Amino acid sequence: MSKSISGFSKLSKSHKIDWIVATYFNNNEDAKNIIKQYWNSNIKLQQLHDEFIENTITNYYLPFGVAPNFLINGKMHAIPMAIEESSVVAAASKAAKFWLERGGFKAEVLSTTKIGQVHVMYYGNPKTLQSFFKHVKPKLIQATKSLTKNMEARGGGILDIELRDKTQSLDNYYQLHATFETLDAMGANFINSCLEQFAKTFREEARLFDGFTEKEKQVEVIMSILSNYVPNCLVRAEVSCPVEQLTENPSINPEEFAKKFIQAVKIAEVEPYRAVTHNKGIMNGIDAVVLATGNDFRAVEAGVHAYASRNGQYSSLTHAKIEAGIFYFWMEIPLALGTVGGLTSLHPLVKLALELLHNPSAKELMQIVAVAGLAQNFAALRSLTTTGIQEGHMKMHLLNILNQFQATDEEKNTLINHFKNHTATHSAVVEAIKDLRLKNNK
């Protein structure tokens, strides 16, 4: 059994590594070398990365790729994507090129408000609490003026505060339900600071409120926290074209392709087992851009999947139809993103990614990210309903398999050419590299 340690966070970086290696690895030098080989040679840059989180011992690399040819609302974009999964960038690029020749993507932000809540337990008369809330609401807003001053100057701030009675779900449970506009900031720190001030003022004023009994004055604040469910921070992305333009392959009938494509979407609308994988494909595109631009992909994931379940059953985020001979494919999705604050002003690659995207506002970034998700889903559904997903995916995965076998450049070239005309399953690649080496060793 590995031993525990006290005061690990107070150790120097080198001492942390020494303890980790000595405690958990048999081959001390190999483990230490792997950890150190991912350090940046620029000491100042490495220190910046070290200070992003606690107990940093090294950097973890993800490929940073670019998907070009995205025409969004008439403006060309090359979209940065940080992701490890084979074929995602290639699929997005292929979808971008396809729609470039058919008018590109359309996107619009439908709303941008975000939510924060103070969760309260109150043991008393609900009508008296409502009376107290009317009395205290202006004071809650006034108490946060020092926090909201700069945000208000830019056009954002607190939009409203409601008292919500949740006692039908949980005895004595109420919420201060606040809506915010945070503009180009994701706004988590701003929202949480406001909420904590709401909680403090709410408690203090409750103790002074003459309408409360002594018991009612003991309002209990359980917690104050923003919500990552943002159904009113919504963006729509769409593509459309005449049905006859829907395929590049003369052997595929465009009307039949459109019909099959729409049926695939409808299946994901009604079948949760399919919907989860369907939406995961959308998130391949979304997460990759969210990560590349220094935003919180975990918050985005949580909010998106909650939105996909908003009607009581998990369902597809994308939709498709044919109307008057025009094929439409679209998605409305909640995205709370920022282009200022956090890593956006610290991480050099994040700053580079945002510059690549023409330094977008938060609304513009919402549109770009939504388009990346729609493109990814289009590419996946096109493969699934025509050639099948594995043909393209395994060809992209080919290099990963070859690298597992430490293939030389010459071996890679030979086998890449071989699998242009053969199905690239894992077992087929393994067999091919063994045969090639056996042949070369004769």
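1. F190 is buried, with a relative accessible area of 13%; buried means under 20% relative accessible area, exposed over 50% and partly exposed in between, with a 1.4 Å probe and protein chains only. F180 is buried as well, and its relative accessible area is 0%.

2. On the basis of the note: this is a predicted model, in which local features need pLDDT of at least 70 and side-chain atom pairs count only at pLDDT 80 or more, while totals for chains, interfaces and linings use all residues. Residues are numbered from 1 along each chain as its sequence is written, and side-chain values use heavy atoms, with hydrogens and water left out.

3. A search of the whole structure finds 19 aromatic pairs. Rings of Phe, Tyr and Trp (its six-membered ring) pair if their centres lie within 6.5 Å; planes under 30 degrees apart count as stacked, over 60 as edge-to-face and the rest as tilted. For F132 and F209 the ring centres are 5.1 Å apart and the planes stand at 55 degrees, so the pair is tilted. F132 belongs to helix α5 (residues 126-143) and F209 to the loop between α7 (188-208) and β7 (220-226), so this pair ties together parts that are 77 residues apart in sequence. Helices (H or I, at least four residues) and strands (E, at least two) are DSSP runs, numbered from the N terminus. Both F132 and F209 are buried.

4. The rings of F180 and F190 have centres 6.1 Å apart and planes at 85 degrees, so this pair is edge-to-face. F180 lies in strand β6 (residues 173-181) and F190 in helix α7, so the pair ties together parts that are 10 residues apart in sequence.

5. One aromatic cluster is formed by F98, W99, F257, F261, F327, F329 and F378.

6. Which residues of helix α3 (residues 43-50) are buried? They are Q46, H49 and D50. These residues cover an arc of only 105 degrees around the axis, which puts them on the same side of α3; the arc is that of the directions from the helix axis to the C-beta atoms. Their cover includes α1 (13-24) and α11 (348-356).

7. Leaving aside residues up to four places away in sequence, E301 touches M283 and D287, where contact means heavy atoms within 4.5 Å.
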